[in-house]
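Subject: Handing over a structure

Dear colleague,

I am passing a structure on to you, and you will find its sequence and coordinates just below. After them I have set down what was found.

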Amino acid sequence: MPVEPPPQRAPAPPAPGRTAVRRRPGRGGPPWILMYHSVADTAGRADDPYRITVSPGLLDRQLRWLRDRGLRGVAVGELLRARAAGRDAGLVGLTFDDGYADFLTGALPLLRRHDCTATVFVLPGRAGGLNSWDPRGPRKPLLTEDGIRAVAAAGMEVGSHGLLHQDLTTADPVTRERETAVSRARLAELTGRAPDGFCYPYGGVDARAVAAVRAAGYGYACALAPGPLTGRHALPRVHIGAADTPWRLSLKRALHPLRRRAPLPDETPLPRPATPSGPGSNNHPQSPAATATPGGTW
């Protein structure tokens, strides 16, 4: 499904009477990152036990809510680059997990309407398949390889959600490397660019999972509530579902700095390898250089 790339927009000038504020890099707690999944008109149905679906109408209202408050949703990579430069005021991270095919029809037009970008975490090993890892359903089609390329061509950030959606906290070393390094290499082949971002399946993260992600060459990774592992390779996020009206978004935004008070460690961007890691490389999750510590390099 070919998608026209979005037009280039010049940065908006500061409002009259205001000057742009540059926040010092490395200050404050984790950025606010929202976690979406599927966008379709089936939101709120009884056969959606994991609350993975948001209707296009609700997503439209949520993005308008952001805009009305001077906020703009952006891909996580863009957010982190702006944060490192102290220019992230007014930016909110938008992520879409699992790589559902309805992203192209349900989410992308609305993101463009509201001048937003997003990170779409996909599963290259399940391209064109279904979300069969959810035992209770509902069954939803995933992006095909052409669909993944279309997401990238539309100006969205493509990240890895693993190869087959395996929980890294219970996986053996071979599976961890396959889910991190092999999926990164596969996406590099598909899109022409190795992804910078990884998303932990099921949101589960431990020190071994963080080490595998770092060893595979990712610049950052998203979790759900990583606790003491919070850092650039274990970013916390807020789940967004069908019940999240603008009023609930206001509450979640207000609670975020209270729940995530601890400042993050060093925000200096990590150097990235020129080519993705893979089987046979020297970047193995169990190598001493890959050892993760609580708080990790941010």
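To begin with one cysteine, Cys-116 is buried, its relative accessible area being 7%. Please keep in mind throughout that the model is predicted. Another cysteine, Cys-222, is also buried, with a relative accessible area of 0%, and its sulfur lies 6.0 Å from the closest cysteine sulfur, which belongs to Cys-199.

As for the protein in general, its secondary structure comes to seven helices and ten strands, and buried residues make up 52% of its 298 residues. When contacts between residues at least 6 apart in sequence are considered, 70% of them join residues that are at least 24 apart.

Once its neighbours within four places in sequence are left aside, Arg-253 is in contact with Trp-32, Trp-65, Arg-69 and Leu-71. With a relative accessible area of 35%, Arg-253 is partly exposed.

Trp-65, one of those contacts of Arg-253, is also among the buried residues of helix H1, which are Leu-58, Leu-59, Asp-60, Gln-62, Leu-63, Trp-65 and Leu-66. Helix H1 covers residues 56-68, and at 1.5 Å a residue its 13 residues should span 18 Å, which agrees with the 18 Å between its end C-alpha atoms. Just after H1, Gly-70 takes a positive phi of about 75°.

Finally, there is a pair of helices to look at. The axes of helix H4 (residues 145-153) and helix H5 (residues 173-191) come within 9 Å and cross at roughly 75°, and the two helices are therefore roughly perpendicular to each other. On the H4 side the residues that meet H5 are Glu-145, Ile-148, Arg-149 and Ala-152, while on the H5 side they are Leu-187, Leu-190 and Thr-191. Sorted by class, this contact has four nonpolar residues, one polar residue and two charged residues.

Notes: Residues numbered from 1 in each chain as written. Predicted model: local features only at pLDDT ≥ 70, side-chain atom pairs only at ≥ 80, totals over all residues. Heavy atoms only, no water. Axes fitted to C-alpha atoms, helices over the stretch in contact; angles between N-to-C directions. Helix = DSSP H or I, 4+ residues; strand = E, 2+ residues; numbered from the N terminus. Parallel < 35°, antiparallel > 145°, perpendicular 65-115°, else oblique. Contact = heavy atoms within 4.5 Å. Nonpolar A, V, L, I, M, F, W, Y, C, P; charged D, E, K, R; others polar. Expected span 1.5 Å × (residues − 1). Buried < 20%, exposed > 50% of the residue type's maximum accessible area, 1.4 Å probe, protein only. Disulfide = S-S within 2.5 Å.
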